[in-house]
Amino acid sequence: MTTSSLNEQQKAAVMYNEGPSLVIAGAGSGKTRVLTYKIAYLMEVVGLKPYQIMALTFTNKAAREMKQRIATMVGEEKARHLAMGTFHSQFVKILRAESSYLDLPSNFTVYDTSDSKSLIKSIVKEMQLDDKTYKPSAVLSRISAAKNKMIMPEAYDDAAGASVDFMRRMPKVKAVYAAYQNRLRQAGAVDFDDMLCLTNRLFAQYPQVLEKYQNRFQYILVDEYQDTNYAQYLIIKALAAKHHRVCVVGDDSQSIYAFRGADISNILHFQKEYAPAKLFKLEQNYRSTQMLVEAANSLIAHNRGRIPKHVFSENAAGEPVQVVEAYSDTEEAHMVAMRIARLTRSTTASYGDIAVLYRINALSRSLEDAMRNQGIPYVIYGGQSFYQRKEIKDVLAYLRLLVNPSDEEAFKRCVNYPARGIGETTINKVKEVSSTQQVSLFEVASNPLAYNLPVNAPTAKRLMAFTESLQHIAANMQQQNAYEVAVQVLNMSGIVNALKASADIAAESDLQNIDQLLGGIKEYVDKQLEEEGQEPTLAAYLTEVALLTDADNDSSDDADKVTLMTVHAAKGLEFPHVFVVGLEEELFPSCKDVESTEGIEEERRLLYVAITRAKEQCFLSYAKSRFRNGKTMYGMPSRFIREIDKRYVQHHAKGVSSFDFSRKDDSFFSRPTFVAQRKMPGLVAKPSAVSANTQSFTPLQHVVVGQKVLHEKFGIGVVSLVEESASGTRVKVQFEHSGERLLLLKFAKLKIID
DNA sequence: GGCTCTAAAGTTTTT
DNA sequence: CTTTAGAGCC
């Protein structure tokens, strides 16, 4: 392999392998390049085997992309065997393998955030605490913060000193935390934080297990080290303690996840912790113009306690950061849209070269409207994930329950849907017995008589019918792959029937999403068989999806569209033209963060990340008035605008003159409809969703009663009614084989048959 | 036990 | 303005 395409610092970082090293990688300095080259170098030159190298990232996407790049250097085969992935995906594997040490079944379930919240809600209720004070999200974030710091329930008081004032209003968090852990254990479940906590416990309590992995992973690399929390820090420390071959890469200036437990001191103190650690600084920015790099530098210079570095660019000088003032949020959005229209018209820039970034998702609305008005195609990243959707969670709950019948949250979800005459009262009784007898909900429900469940005969019968249908599937599950089981579940559970029978027009999109999920399972099964040659189990599939987010789904359809997203979501990406909107006090910086220096510094890093996404041009805008939470708010320009050195900023006093803001132009550019898509995997939007144009097919414009039509799923039918509703044109169709259905014209993939 | 209406609340979110 | 969660009704 050759390192000739690397600069001196990059090369040095790649080739140094004598001991711990810290690579401080400024924005756009070729961080991923160094990591990929280093991993290839370790295999090709140092002679390590792929499985001896552990490379940890924060997203599946980052891991996947890096793996691909390494594959092109050293070949598919070698790249495949690297222990490369997210912290969670790598350590969940170890936990499954070593579950016997941890009082955990090997088929343990992974609870996602909503499962955790739901469990906390139950606990708060059972403990008769005020659910206004003990809001599930608030309690979970307290528990999560404790877990990130490796504070177990027993030790919660002592170490949680910093949260005493918060605790005054919620003194029982410790008790809820203890109960929560108990219930997780009973359900055979772990939450996201547990994956790291339990790994630490495993390594701390069983030195022989730790040693096994220390011996296996001869070299450990960590990406985005500035975002690690204490639990992650401890794991790395333990694994590297024997051989000290560890390389962490990151940028303290881009640490923006403190609210999730990321501890910037991990990277700030790395050299001390791993002394004598070698430090490499990648300071040449290959992404942005000099002007933008200097502007960003002058902003971040206001932060204290940074690792000293001077990021520079040898690219073109470029233009200053453009600062624009708008009267209102609407005008701001309009100006951005106008500017985008102009950019694509008068320069070589295409829509895909442009991103609009904001501090909070709520700002996307006005931008969406403006984009639509200008006929600009756009994609919004973020929003609800595919796997968070109710219909998908419902299906997955059945699969989870099959794999792990103790799974409490899955049980509650399944028994509740589709409706089968088992309600809250019955469930409470089941819970009561389950708790006193120390057995699972499923166990009680399947033997209501044996456990003297105080319910009437029909209810007992319904409970048994429910559990028996699942047991039936479970019985021949061993001979089937994940896909086959899923198909069976859909038929047996009654989900598909319930949706097909539903008069709700949303049911159709639910069905399509479920179809999509099935397709995903099939894809997974095929991929596993082909790549790993192993029969994919349902348990393996469920673990994978539990650790998946929609950001991991490479979408094929965001081809040439303007990207709208939060600054957080933009981290790691780059665009020739970047607009950052809503630069007002109380918004960016956020009002929640203006109190403390740390808060402000994090917000400042956030803007630093935003500006450094831009390659050529960066626009910052603020609005004097903004419609927020139903009220018009008047804000001041963000302090951060003043903090950027004047030499790198160009102010535009009013948007009107400098941006050709005029109504005439507005109508000139507007086009009837444009295709915009949410960044979700082939997701079908619910009709209730506002984005009326969330689709990639061309919907029928006009349909008349008596028209013969063809539907993808329902087959041939005749239109019997056409009406206008709030959500669009609605048609009633009498299908030959699927009966009568109400469809929304813009969602139904209808074709006219002559 | 399941659906509809009204009230309260409203950052960022790699897993 | 929106969305979501609980109380009330059938």
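This presentation covers the DNA contacts and the aromatic pairs of the structure above.

The model is predicted, so local features need pLDDT of at least 70 and side-chain atom pairs count only at pLDDT 80 or more, while totals for chains, interfaces and linings use all residues. Residues are numbered from 1 along each chain as its sequence is written, chains are lettered from A and ligands numbered from 1 in the order in which they are written, and side-chain values use heavy atoms, with hydrogens and water left out.

I begin with the DNA. Around DNA strand B there are 31 residues, each with a heavy atom within 4 Å of the strand; the closest are Y257, R260, R359, T425 and T549.

Individual phosphate contacts follow. An N or O atom in the side chain of T566 is 2.6 Å from a phosphate oxygen of DNA strand B, and for the side chain of T426 the distance is 3.1 Å.

I turn now to the aromatic rings. The whole structure holds 17 aromatic pairs, meaning Phe, Tyr or Trp rings (for Trp, the six-membered ring) with centres within 6.5 Å; planes under 30 degrees apart count as stacked, over 60 as edge-to-face and the rest as tilted. F58 and F87 form a tilted pair, 5.4 Å centre to centre with 50° between the planes. F58 lies in the loop between β2 (53-57) and α3 (60-74) and F87 in helix α5 (residues 87-97), so their pair ties together parts 29 residues apart in sequence. Ring pairs link F58, F87 and F91 into a cluster.

Note on methods. A polar contact is a pair of N or O atoms within 3.5 Å; within protein, one must be able to donate a hydrogen and the other to accept it, and residues adjacent in sequence count only if both atoms are side-chain atoms. Helices (H or I, at least four residues) and strands (E, at least two) are DSSP runs, numbered from the N terminus.
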